[in-house]
Amino acid sequence: MHHQWLLLAACFWVIFMFMVASKFITLTFKDPDVYSAKQEFLFLTTMPEVGKLPEEKHIPEELKPTGKALPDSQLIQPLVYMERLELIRNVCRDEALKNLSHTPVSKFVLDRIFVCDKHKILFCQTPKVGNTQWKKVLIVLNGAFPSIEEIPENVVHDHEKNGLPRLSSFSDAEIQERLKTYFKFFIVRDPFERLISAFKDKFVHNPRFEPWYRHEIAPGIIRKYRRNRTETRGIQFEDFVRYLGDPNHRWLDLQFGDHIIHWVTYVELCAPCEITYSVIGHHETLEDDAPYILKEAGIDHLVSYPTIPPGITVYNRTKVQHYFLGISKRDIRRLYARFEGDFKLFGYQKPDFLLN
């Protein structure tokens with residue numbers, strides 16, 4: 001009888017220990033899930049806001065940066081590119097800068113935007129910012145030539161031969177559909193350095209032999225803006241600055257036609273407050289921006305941006321100071337007043353070293 005009681009007690013003890021052990025095992029299996037859930041929450045909260053993310057433990061493929069616009073035209077981007085877009089949104093909302101940041105999406109703007117339907121890309125042309133190379137990229141993507149190296153230089157800017165349709169060539173409905181759904185980008189550089197580049201390219205060197213700049217446009221600027229009428233030299237940068245800074249410059253612009261694209265503002269060219277662009281590249285950081293744009297557009301496996309010569313994209317303050325040397329502060333301030341929207345929208349520092 002005594003042995004039976006001992007056996008019964010032992011059974012109860014085994015059962016009790018088994019229950020405790022089971023509870024312990026259950027708790028230890030639950031812990032990793034709790035930790036994983038915490039990890040998932042911390043990971044997702046560090047991602048940029050792109051609307052409501054699905055409740056998976058990994059970022060779904062459709063939210064990874066493929067380059068194609070998401071349903072809400074939003075991309076998961078490195079911080080610098082997101083900051084550029086946020087800056088544009090903030091400046092566009094600034095009522096004090098409205099006249100300098102907003103422009104209608106006119107035919108002039110639509111003429112600047114080149115289309116690649118095959119890969120759903122829109123590129124807004126901003127001359128004197130390395131646009132020739134981007135046009136070559138699009139020409140290859142559109143199938144006109146098999147590689148960038150095989151594109152003749154005289155074809156790049158010949159719109160009858162380069163196979164680059166302009167957005168203005170589509171119907172209103174087709175334009176809106178492309179603006180809404182395509183990957184859109186353009187490139188900027190320091191506004192004053194761009195003007196220097198335009199002046200040198202069109203009025204000094206003129207490498208593509210475009211005689212109308214020297215023989216038609218330059219004389220028109222000199223007649224109206226040269227102070228010393230006895231001076232017989234060709235157009236000087238000072239004449240050019242006075243023309244661009246004149247609040248009444250538009251009557252000459254109308255005479256010059258589309259040739260003004262080389263020096264009008266980025267706002268007038270690409271309407272960044274009216275069109276929601278996917279990426280804004282900067283000429284000064286093109287070594288990083290070009291590969292990023294190709295990747296975001298989903299074409300990095302198809303084409304590469306041409307090799308960038310060392311140092312060519314670096315901002316040259318000495319050159320800027322040299323060109324503005326001897327130009328009156330009044331004329332420089334009037335020039336800045338016209339291009340202030342570009343400086344503010346794209347985060348370029350106000351050139352106080354020229355203005356004060």
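**Close-ups of a predicted model**

Ser 147 is buried, with a relative accessible area of 17%; buried here means under 20%, exposed over 50% and partly exposed in between, using a 1.4 Å probe and protein chains only. This is a predicted model, where local features need pLDDT of at least 70, side-chain atom pairs count only at pLDDT 80 or more, and totals for chains, interfaces and linings use all residues. Residues are numbered from 1 along each chain as its sequence is written, and side-chain values use heavy atoms, with hydrogens and water left out.

**View 1. Ser 147 sits in a loop between two helices.** The loop runs between α5 (131-141) and α6 (153-156); helices (H or I, at least four residues) and strands (E, at least two) are DSSP runs, numbered from the N terminus. The Ser 147 side chain makes a polar contact of 3.0 Å with that of Glu 150 (N or O atoms within 3.5 Å, one able to donate a hydrogen and the other to accept it within protein, with residues adjacent in sequence counting only if both atoms are side-chain atoms).

View 2. Tyr 81, Arg 84, Leu 85, Ile 88, Val 91 and Cys 92 are the buried ones in α2.

**View 3. Helix α10 is mostly covered.** Of the nine residues in α10 (237-245), eight are buried, among them Phe 237, Phe 240, Tyr 243 and Leu 244. Asp 239 and Arg 242 are buried here too. Look around α10 and you'll find that the cover includes α8 (191-205), α9 (212-225), α11 (250-256), α14 (317-324) and α15.

**View 4. The largest pocket holds about 1,200 Å³ of space.** Of its 44 lining residues, Lys 128, Thr 132, His 157, Asp 201 and Arg 208 are the closest to the centre. Two or more lining residues come from each of α5, α6, α8 and α9, and α8 gives the largest share, with six.

**View 5. The largest cavity holds about 50 Å³ of space.** Two cavities of 30 Å³ or more turn up in a search of the whole structure. The lining of the largest one includes Trp 134, Leu 138, Phe 185 and Ile 293. Both α5 and α13 give two or more residues to this lining, with α5 giving the most, four. For this view and View 4, a 1 Å grid over the protein atoms alone is used: a cavity is a set of points where a 1.4 Å probe fits but cannot get out, a pocket is an open set with protein on both sides within 12 Å along at least five of seven lines, and lining residues have an atom within 4 Å of a point.

**View 6. Ser 278 lies in the loop between α12 (266-270) and β4.** Ser 278 is another buried serine, with a relative accessible area of 11%. Its C-alpha atom is 8.8 Å from that of Glu 296, 18 residues apart along the chain.

Notes:
Contact means heavy atoms within 4.5 Å. Grid points are joined across faces, edges and corners, and a volume is the space filled by probe spheres set on the points.
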